[in-house]
Structure formats: C-alpha cells, structure tokens
Amino acid sequence: MASVPSLAASVNQRVADALSAALPEAGSADPLLRRSDRADFQANGVLGLAKKLKGNPRELAAKVVDRLSADDVLAGVEVSGPGFLNIAVTDSAITSTLAARAADDRLGVPYAERPGTTVIDYSQPNVAKEMHVGHLRSTVIGDAIVQILEHRGDTVIRRHHIGDWGTQFGMLIQYLIEHPHELDHESDAANGDGEGEAAMSRLNRLYKASRALFDSDEDFKTRARRRVVDLQAGDAETLALWHKIVDESKIYFQGVYHKLDVEIRDEDIVGESAYNDMLVETCKLLEESGVAVRSQGALCVFFDDIKGQDGTPVPLIVQKADGGFGYAATDLAAIRDRTGRLKAGTLLYVVDARQALHFRMVFETARRAGWLTDEVTAAHLQFGTVLGKDGKPFKTREGETVRLVDLLDEAIDRAAQVVAEKAPDLTEAEVAERAAQVGIGAVKYADLSNSMTRDYVFDLDRMVSLNGDTSVYLQYAYARIQSIIRKAGDTARPQAHPDLPLSPAERALGLHLDEFAESLAGVAETYEPHKLAAYLYQLASFYTTFYDQCPVLKAETPETVENRLFLCDLTARTLHQGMSLLGIRTPERL
C-alpha cells in the first residue's frame, strides 16, 4: 500500500497553495506549520514573508485566510497574534486519515525513497572478559537503530567489532598449552549454570590462573610473549587454541544477548583479527599518498587543530615504531573493507563518548585518503555513561564494574514483584515470562528514552514503576487495550466512523496517532531513538486521558463503541510497532 499522507502534510499543502495565490510575489514559501496548543496546527510563515515584503503581517495573513475556504479537511482558519494562522481540521478528516493508516500493515509508514546501505558497528565486547554495564548502551542503542533503519527499507549490515586480538592472548594460549583441560566443559556440567554463565566461569578461571602465573613466573612470562609472536605468525597450534578461546567467549556473549532479548548473529561478529591481513597495505597506502608520515619511527597522521596542552601536535599513530599496529590501523582497515567490499554509503559507530577524539582523527584520515567522501560518510554516535544513584559511574559496593548479567537478573526480579502484585492469578511460569519482558523492557527503555549523549542514573525502582515515563507504563497501556478488546468479544468490533463527532480527548489522541510516520522518519534520519520513546510515551499519555474521559464499551451508541474501539486498536498497534522497533516486548496481559 502507498504511504498515507498525514493531516499535517495535507494542511501544509493547502496553506502553501494559499500563500502562493495570495502573495504571488513571495514565490513558493514555506508555511512553517507545526502542532499548537492553541489550535490543531499553527502556520508562522507569514511573519517572515511580511519582513521580506515589507508588509503588515496581520494584513498579509488575512489575505491568506481569504484563500483558505473550509472543506473536508479544514474546519476553520483564523489570524492570531502578530500574524499567526491558527488552523482547525475536521473530525471526519482525522478519522478518515486514521482509517487509511489502520488499513495498512505498516500503519502508513512509507519506505525510504532512496534506501541506502549502512554498516553499523555496535556491541563490541572483549573476548575472555565479562560483559559489564558499559556494554549495555552500545548494544541497546545499536539494536534499536538497526531495527528502525531496516523498517525504513535500508540495507543494514551489522558489525560487532569484538576485541579478539592482542598480547593478552599469548598468556592465555600458553597457559592452555600447559594446562590443556582448563576449558573442558565437563567440569561445569554439574553446576546447573546456563551455558553462557558456565562458559564465562571457565574463561574467568583461565584468565585468573594464567595472569597469576604470568605475574609470578618469569619463565612463563617469556614463553607467553613468544606465543604472541607465534599467534601473529599464524602458527597452526596457536591459532587453534585462539579459536577455542574466541568460540568459548561467543557462547558466553550469546547467553547475555539472549537474556537482553537482542539478536546477535555469529556471521556479524567480525573482530579486530578479521582485518589483520589488511594492516600492512593500509599503512602503505597512507604513507605513499602522504596522508601519514614517519615521526620518531612511528607512522603518524597530524592535524592542525589537534594539539596537546603544551601546544604540540597530537598525532594519530597508525603503526608504532616497533612495527606493531594499534586500534587506528584496525579501524582504518575496517573502513576500507566496509566502503570497498561491502559498498556501504553510511558507516555508523555506536561507541561511548570517550572515543570521540579517536574517531574524529580516524574519520579525517579516511577522508584524506579518499575512503570517505561526500557520498560515503561516517558518524560516531557517541553515548554517555550509566551512573549510580550517587551520580558517579555505576559500580558495585566494592567499587567493581557491575556485571551486565547481574543487572539484568535484578531487573527481572524487580519486575516479577510488580507483575505478581498486579496479576495475582498468573501461574509461576506466566509471571516468569512476563517478568523477563517487563524487566528487560524497563532496562532498555530507561536507556533509550534518554538522549544518547547524556549520562543517566540507573534506578530500578523508577524503571519498573507503573507511573511516569517508563516502559511499564507503555506496556500497561497496551495490555489495558487488549483487555478492552477481549471484553468486547463478538458484540462490537473496531470500526472507523468518520461521520461521528469527536471529543477533545479523541481528537488529541487521533492527531497524535497521525504523527507516527513522520516521527519515525525523523528518528531514522537523525539516529535518535529517544525521540521515538518520547512519541510513544506521549501516545500512552493521550490514551490514558482518552480512557479516563471516553467510555468505550459503555458509549452512548453502537457506532461510538466501534469508533472508540477503532481508536483503541490503532493505539495498540502503534504502541506495539514502536516498542518493537526499540526492542521491547508488549505482553497481551500484565
């Protein structure tokens, strides 16, 4: 089905035509239409035109009003203040437009006119290390942006640039060679742990044991360092054990992702090691083109506007003086791969704000090398820090980084209390299922409802509250609608009746429902999931007012019952679609 024009688009076109007809000397002017609390819409474009044409804005506005006659969309237009146009639309236009949206599986949301190919780099845990609260934001934000862009029709290639290479692997592999049963699965078989937790238990045991030996035994330290050389040289035995450690970590990662209700596919996990074969050539291209130069033996890229506190230039070091490669070389090789082999037009990096300078330097280097252009762009979607209630970075009482899996388990436990209290008739299994949906949804929404650049306080008490801007409030609104529709049964069905008058609460809900497609388009354009969360919270709030003021099943006439059921049903579908794009479940019952 073709996209459904919003009422705002229809009104905007009428006002634009009226402006051109009333003030031809102004050419094609923008009406500057927006929603208003003084009317359904307000157009402010006349004020700017009056300045340009040196005319009286109220008089010019009156000329425009003369060209706008009431019709099936416009109920009335009046001049307000210094020359604003206050515009009311008809009840029938609201209901008819919503009926067109309801008839479309996509709720009238169009596909992108020119869908592109985007590579998005997000959720980048480190091999042989536990995922902590710092991995939450990249995973949740990245997943939401993937869903939103794919819904728009873009080709989205996911990349999880895991830390799977480095000197620490020499220590781990050497210990495994000398203690070959350290990663055997049988030792954890009786624990009753989940597969992912058991994998992390094995990796932790390996890391602690190898680190203790590395720090206390100089001979082992020497052997471990030689093992790094073997790894980099591609020694078969060393590589086989390296793969074993990486695979064990992936088992653990998938356990955490499953709990977080995020799909991460193995083929999208492309770590630092995947670009090893491109590093030498990348450096050669940069040096031969003059983008990078040798400085004290290292291959560096300098920038006029990036200097240290003492005023000396701070370079991007692509290759160290000892011949080793750092993160910059790997990131530049990844850009070459993503723009060349994968043919991406847009590269997105969902990485915390502390890496802002690094990505600024990497992107500028890639532009100088011609790997990024006006047509092929890269953006760092930087995010802030998760804070504790004390306003400091979130830590355990012992000052340790909080394990992500512990955080999620606590959220599910808190949600179970809310669900059991709200629905005491549910079985233990039903409570557990809903608690996972509510608890994980609460964690995701708390993150996504904040602008990604802001820090936010992790407060589970507030997150699982039924009141305020929480996912539980949205889920409860959805479940309440499903309850109403179940109660209606076969006696009444959702059906739009454009001939019926609408109450103020029905109009407010209807006009907000009509904004879904345009809101979603804006979110996809700017990569700001918090704006979708804000739209959904407003929708649930408008629905709550409608629910309080407009009886549904006990409405005055059968037609009004059907029309209000129609508004309920479209609200539920919009909530479901929007929350799904944020990665949040909508239980039918709460």
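**Close-ups of a predicted model**

**View 1. Strands S1 and S2 run antiparallel, joined over three bridges.** This is a predicted model, and here we look at S1 alongside S2, which spans residues 41-43.

**View 2. Four strands make up an open sheet with antiparallel pairing.** Reading across, the order goes S1-S2-S4-S3. Strand S1 (33-35) and strand S3 (74-80) sit at the edges, each with a single partner strand, so one side of each has no neighbour in the sheet. From one strand to the next, the twist averages 25°.

**View 3. Helices H7 and H8 cross at roughly 115°.** H7 covers residues 195-216 and H8 covers residues 218-233, and their axes come within 6 Å. The two helices are therefore roughly perpendicular to each other. On the H7 side, the residues at the contact are Ser210, Leu213, Phe214 and Ser216; they meet Glu218, Phe220, Lys221, Ala224 and Arg225 from H8. Sorted by class, that contact has four nonpolar, two polar and three charged residues.

**View 4. Thr238 sits in helix H9 (residues 236-260).** Is Thr238 buried or exposed? Its relative accessibility is 0%, so Thr238 counts as buried. The Thr238 side chain makes a polar contact with the side chain of Asp235, at 2.6 Å. Setting aside neighbours within four places in sequence, Thr238 is also in contact with Ile173, Arg227, Asp230 and Leu231.

Note on methods
Residues are numbered from 1 along each chain as its sequence is written. This is a predicted model: local features need pLDDT of at least 70, side-chain atom pairs count only at pLDDT 80 or more; totals for chains, interfaces and linings use all residues. Side-chain values use heavy atoms; hydrogens and water are left out. Axes are lines fitted to C-alpha atoms, for helices over the stretch in contact, and angles run from 0 to 180 degrees between N-to-C directions. Angles under 35 degrees count as roughly parallel, over 145 as roughly antiparallel, 65 to 115 as roughly perpendicular and the rest as oblique. Contact means heavy atoms within 4.5 Å. Ala, Val, Leu, Ile, Met, Phe, Trp, Tyr, Cys and Pro count as nonpolar, Asp, Glu, Lys and Arg as charged, and the others, Gly among them, as polar. Two strands pair if DSSP finds at least two bridges between them. Buried means under 20% relative accessible area, exposed over 50%, partly exposed in between (1.4 Å probe, protein chains only). A polar contact is a pair of N or O atoms within 3.5 Å; within protein, one must be able to donate a hydrogen and the other to accept it, and residues adjacent in sequence count only if both atoms are side-chain atoms.
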